[in-house]
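Trainee: Could we go through how the chains in this one sit together? I'd like to start with the contacts and then move on to the symmetry.

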Protein chains: 2
Amino acid sequence: MQTIRYILVGLGNLGRRFCEVIAEKDALLRERYGLELLLVGAADSRGAAYDTNGLDPVHVAQLKQAGDSVAAYPGVGRLGWDALSLVEAADADVLLEASPVNLTQGAEPGLSCIRTAMRKGMHVVTPNKGPLVVAYRELHALAKAQGVKLRFDGTVAGGLPAINLGARDLRGAVVECIEAVPNLVTGYVMDLLADGVPWDEALALARDEGVLEGDGSWDLEGWDAAAKLVILANAVADFPATLDDVTRAGIVTVSAEALVAARRRGQCYRLLARAERQPDGGYALSVTPMPLSPDHPFGRLGRKQMGVVYTTDIYGVITAIIDEPNPIPSAMTMLRDVLDIYS
Amino acid sequence: MQTIRYILVGLGNLGRRFCEVIAEKDALLRERYGLELLLVGAADSRGAAYDTNGLDPVHVAQLKQAGDSVAAYPGVGRLGWDALSLVEAADADVLLEASPVNLTQGAEPGLSCIRTAMRKGMHVVTPNKGPLVVAYRELHALAKAQGVKLRFDGTVAGGLPAINLGARDLRGAVVECIEAVPNLVTGYVMDLLADGVPWDEALALARDEGVLEGDGSWDLEGWDAAAKLVILANAVADFPATLDDVTRAGIVTVSAEALVAARRRGQCYRLLARAERQPDGGYALSVTPMPLSPDHPFGRLGRKQMGVVYTTDIYGVITAIIDEPNPIPSAMTMLRDVLDIYS
C-alpha cells in the first residue's frame with residue numbers, strides 16, 4: 001500500500017465535489033491500485049487547514065456546503081492562512097490546484113502555488129486553466145527540470161479526457177484540425193434563447209442549473225473557450241499559442257432571431273473553438289458561434305454535453321463527447337490525473 | 001536519438017499499410033520524439049526476412065503489393081522461414097504482431113510469437129484480437145513477470161483509442177456499461193440491405209470496399225464483435241470475460257424487411273456489443289443487431305464509423321467515435337502503441 005499525501009487548494013464547486021466523492025473511493029483505490037490518498041492540507045480564499053495525520057475530506061466538504069471556510073476545521077484550521085503559505089509549509093506528494101480561473105490577476109494564486117509545489121518536488125494536478133494559459137511552456141519546462149509531473153486533463157471540456165486523448169493517443173500524427181465545444185454554458189444559453197427564452201431569464205436558468213458562474217462574461221464573451229483552445233493547441237498540436245492568437249467572438253454576437261431561425265432549419269448553434277493547421281505548420285485559432293447541421297459531430301449536442309473532434313493524418317477523424325449532468329466528472333478529473341501519475 | 005529495433009509479423013492489410021506509412025513518419029519521429037524505428041525483421045505466411053542493419057519498409061510493402069512474399073526480399077529473405085522462428089532468432093526491442101485472427105487454431109501463430117517475444121524481454125504491440133481473446137490474463141501476467149509492455153489498442157474499433165481511453169482515462173471509476181460498434185463491416189452491410197441492395201451484392205460491395213475479408217462469417221455472425229467485447233471487458237472493466245460469456249447474435253439474424261422498416265422509422269441498425277454491470281459486480285455481455293434512434297450516441301453512425309460509449313459513476317457518459325475511411329488508422333495503432341511505450 002502506497003500512501004499519497006496531497007494538498008487541495010481551492011474548495012469551490014470542483015474542490016468541494018472532489019472531497020465528497022474521494023471519500024467514497026477509498027476502498028476501491030486501495031483494492032484496485034494499492035493506493036491510499038491522504039488529504040493533508042486544504043485551502044480556500046479565507047484560510048487553510050493542515051494536518052500531517054490527514055484531514056477528513058467529508059468534513060471539509062461539509063464545512064464548505066455550510067458556507068464556512070476550511071479555516072473552521074476543528075483544531076488545525078487557521079483563518080487568513082493563504083494557499084501559497086500552505087503549499088510552502090506542507091509536506092506532501094501532490095498539489096491539487098483547483099482555485100478559480102483568474103486571468104486578470106496573472107492567474108494567481110494558482111500559478112504561484114503550482115510553481116512553488118513543483119520547486120519543492122511535488123507533482124501537480126490542476127483543472128485550473130489560468131496558470132496553463134499564462135505559462136504553459138514555463139510550467140512544462142519547470143516540471144521537466146524538477147522531474148515532476150504536471151497533469152491538467154480537467155482544464156478542457158470538463159470530465160472528457162480531451163487533453164489525454166489528444167496528447168497521448170494522437171502521438172505520431174499531424175493534427176490537421178481541432179474542433180471543440182469545451183464548455184456547457186454557452187450551448188446551454190443559446191439553446192434556451194432558441195427556445196424563445198429571453199436573455200436575462202436564460203442566464204438566470206443557467207445560473208440556477210450551476211452551469212454559469214460569476215457575471216458570465218468570461219464564458220459568454222468566449223474567453224473560457226479561447227483559454228481552453230490555447231491549452232488544446234499547446235497540448236495536442238504542440239503549438240505555442242497564447243490568448244492573443246485567438247480570433248474570438250462570444251455568443252453575445254448572435255441575435256436571438258438568428259438562433260430561432262437556425263433551430264427552424266434543424267441546426268444547433270454552438271460556440272465552436274477551432275484550431276486549423278496552416279501551410280506553414282502553425283495553427284489558426286478561432287472561437288465563434290456556429291450553426292451546426294445534424295451531420296456535424298456536434299450537430300446534436302445536448303445541453304449537458306461537450307466535445308472535441310481531432311482530424312489527423314494517420315488516425316482518421318476522432319470525436320469524443322461527454323454527457324456531464326453535474327460537475328462531478330469535472331471534479332474527478334483530479335482523481336484521473338493522480339492515478340495517471342501513480343498507477 | 002534512440003533506435004528501436006522492431007520485428008513485424010503479418011503483412012496483410014494492416015502490416016503492409018504500416019510499412020507504407022511508417023517510412024513517411026521517419027523525420028517526424030526523429031524530430032518530435034528523438035526516436036528512430038528500425039525494421040529488422042518481417043514475416044508473412046510464406047517466409048521471412050531479417051537484417052540487423054534494417055529492412056526498407058517501403059520495399060517490404062512493394063513486395064506485398066505485388067503479391068510476393070517478404071521472402072523475396074533481396075539477399076535476406078528466406079522462403080519457408082516461419083514467424084516464430086524469426087522471433088526466436090531475432091535481436092529486437094519490440095514485436096509488432098499483426099497476423100490475421102485465427103481463433104480456430106488457438107490464435108496461432110500470433111500467440112506463440114507473442115509469448116516468445118515477451119520471454120525474450122521484448123515489448124509487444126498487437127492489433128490481433130486472437131491471442132488476447134484466448135489468453136488475456138496469461139499474457140498480461142507474463143508481461144508483468146518479464147517487465148515488458150503489452151499494447152493492443154488496435155484490437156477494438158480500428159484506429160479509435162477505445163482501449164486506451166477505457167483503461168487509462170476511466171481509472172478510479174466503476175464502469176456501469178460499455179457499448180460498442182467495434183467494426184465497420186456489419187453496419188456497412190446492414191446499411192446497404194436497408195437501401196434495398198440484395199445480400200450477395202451487399203457482401204460483394206463490402207468486399208470491394210475492403211471492409212469485408214474472407215468468407216465474412218467471422219464478422220457477420222458476430223464473432224468479431226464478441227471477441228472485441230471480450231477484450232473491452234477485460235481491459236476496461238477488469239472483468240475476466242471469455243467468448244463463452246457472450247450472448248451472440250449476428251446480423252444474419254435480421255431480415256432485410258426489418259432493416260428497411262427501421263430505416264423508414266428513422267432508425268439505424270448496428271451490431272451492438274454491450275457489457276452491462278450486474279448487481280454482483282460482474283458483467284452481462286451481449287452482441288445483438290439493434291435498431292438505434294437518432295438520439296442514441298450511435299444512432300447516426302456513418303458507414304465508415306465505429307464507436308464506443310462508456311457509462312461510468314464519476315466520469316459521466318463518454319462517447320468516442322472514429323471516421324475511418326481506409327485501414328490506415330487501424331494499421332497506425334501500432335505506431336501509437338510503440339510511442340506509448342517509448343515516449
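**Where the chains meet**

Mentor: In this predicted model, 32 residues of chain B are in contact with 32 residues of chain A, contact being C-beta atoms, placed from the backbone, within 7 Å. Residues are numbered from 1 along each chain as its sequence is written, with chains lettered from A and ligands numbered from 1 in the order written.

Trainee: Which elements of chain B each supply at least two residues of the side that touches chain A?

Mentor: Those are α7 (162–168), β13 (317–323) and α13 (328–342), where helices (H or I, at least four residues) and strands (E, at least two) are DSSP runs numbered from the N terminus.

Trainee: And how do the two β13 strands pair?

Mentor: Strand β13 of chain A and β13(B) run antiparallel over seven bridges, pairing requiring at least two DSSP bridges, and Asp323(A) stands opposite Val317(B).

Trainee: Switching topic, what rotation superposes chain B on chain A?

Mentor: A rotation of 180° with 0.0 Å of shift along its axis does so, with an RMSD of 0.0 Å, by least squares on C-alpha atoms of residues with pLDDT of at least 70 in both copies. That is the relation of a two-fold axis, and in chain B the C-alpha nearest the axis belongs to Ala320(B), 2.1 Å from it.

Trainee: What about confidence?

Mentor: Chain A averages a pLDDT of 96, and the predictor gives the complex an ipTM of 0.97.

Notes:
Predicted model: local features only at pLDDT ≥ 70, side-chain atom pairs only at ≥ 80, totals over all residues. Contact = placed C-beta atoms within 7 Å. pLDDT = per-residue confidence, 0-100.
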